[in-house]
Amino acid sequence: MKVAIVYVSVHHKNTEKVVKAMAEEINADLFNLNQSGNVDLSTYDVVGLASGAFFHNMHKKIIDFVKSDKLNSKQKVFLVCTCGSPFIDHTKEVAKILKEKNISYLSTFECAGFDTFGPFKIFGGIAKNRPNNKDLEKAKKFIKGVVK
Ligand SMILES: Cc1cc2nc3c(=O)[nH]c(=O)nc-3n(C[C@H](O)[C@H](O)[C@H](O)COP(=O)(O)O)c2cc1C
């Protein structure tokens with residue numbers, strides 16, 4: 001099974017830490033949308049889409065990617081999100097778009113990520129030192145479940 005993870009990680013590289021741990025665990029290929037939007041996923045069976053949460057949603061580049069024609073209905077997709085408040089599912093909107101496009105949505109991995117947005121900066125940020133080693137272990141367990 002060939003697995004790709006397409007990601008955007010712009011705030012503190014929190015998401016990048018998580019997807020790198022996942023990719024190493026199962027030998028998946030990583031595509032950073034901030035380096036190139038020209039991604040060919042046609043040979044992949046499973047695709048992960050990953051970013052931080054931005055205003056209760058995944059990053060706009062991920063949303064635009066899902067809306068584009070880069071994914072096909074034979075592929076299975078999982079979502080990864082890091083966020084200051086990991087108590088809300090920030091991937092709902094993207095999961096909904098996948099459903100509308102008849103693309104199989106597998107599941108979501110969400111974990112805390114250091115957040116210094118707006119007023120949080122004054123207090124030194126929230127979710128400090130996250131993702132931590134425990135989060136990365138959970139991420140590895142999640143990805144092994146996805147590809148089994
Ligand atoms: C402009 C902005 C908006 C954000 N909005 C949210 C949000 O709605 N919910 C949340 O839990 N975290 C929010 N965050 C925190 C980020 O999702 C969190 O720090 C994430 O781990 C960043 O991932 P990255 O470092 O991979 O870009 C926001 C951060 C920024 C800079």
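**Close-up views of a predicted model**

View 1. C81 is buried, at a relative accessible area of 0%. This is a predicted model. C81 takes part in no disulfide. Its nearest cysteine sulfur belongs to C83 and lies 4.9 Å away. The structure as a whole holds 0 disulfides.

**View 2. Helix α2 and its buried side.** Helix α2 covers residues 60-67. Its buried residues are I62, I63, F65 and V66. These residues share one side of α2, because their arc around the axis is only 160 degrees. An α-helix has 3.6 residues a turn, so residues three or four places apart point the same way. K60 and K67 are exposed, on the face of α2 turned away from the buried side. The buried residues of α2 pack against two strands, β1 (3-7) and β3 (46-52). They also pack against helix α3 (92-100).

View 3. N57 sits in the loop that runs between β3 and α2. Is N57 buried or exposed? N57 counts as buried, because its relative accessibility is 17% and the limit for buried is under 20%. Leaving out residues up to four places away in sequence, N57 touches G52, I63, H90, E93 and V94.

**View 4. Helix α4 from end to end.** Helix α4 runs over residues 133-147. Its 15 residues should span 21 Å at 1.5 Å a residue, and the end C-alpha atoms are 21 Å apart, which agrees. N132 caps the N-terminal end of α4. A side-chain oxygen of N132 lies 3.1 Å from the backbone nitrogen of K134.

**View 5. The two faces of α4.** Which residues of α4 are buried? They are D135, L136, A139, F142, I143 and V146. Seen down the axis, these residues fall within an arc of 115 degrees, so they line one face of α4. The face turned away from them carries N133, K134 and K141, which are exposed. The buried residues of α4 pack against helix α1 (14-26). Their other partners are the strands β3, β4 (76-83) and β5 (104-112).

**View 6. K144 and its partners.** K144 is found in helix α4. K144 is partly exposed, with a relative accessible area of 45%. Not counting residues up to four places away in sequence, K144 touches E25 and I26. The side chains of K144 and E25 are joined by a polar contact of 3.3 Å. K144 and I5 are 139 residues apart along the chain, yet their C-alpha atoms are separated by 14 Å.

View 7. The ligand is surrounded by 21 residues. The closest are S9, H12, T15, A53 and T82. Polar distances to ligand oxygen atoms follow. For H11, a polar backbone atom is 2.7 Å from a ligand oxygen. For F114, a polar backbone atom is also 2.7 Å from an oxygen atom of the ligand. For N14, an N or O atom of the side chain is 2.8 Å from a ligand oxygen.

Notes:
Residues numbered from 1 in each chain as written. Predicted model: local features only at pLDDT ≥ 70, side-chain atom pairs only at ≥ 80, totals over all residues. Heavy atoms only, no water. Disulfide = S-S within 2.5 Å. Buried < 20%, exposed > 50% of the residue type's maximum accessible area, 1.4 Å probe, protein only. Helix = DSSP H or I, 4+ residues; strand = E, 2+ residues; numbered from the N terminus. Arc of directions from axis to C-beta. Contact = heavy atoms within 4.5 Å. Expected span 1.5 Å × (residues − 1). Polar contact = N/O pair within 3.5 Å; in protein donor to acceptor, adjacent residues only side chain to side chain. Near = heavy atom within 4 Å.
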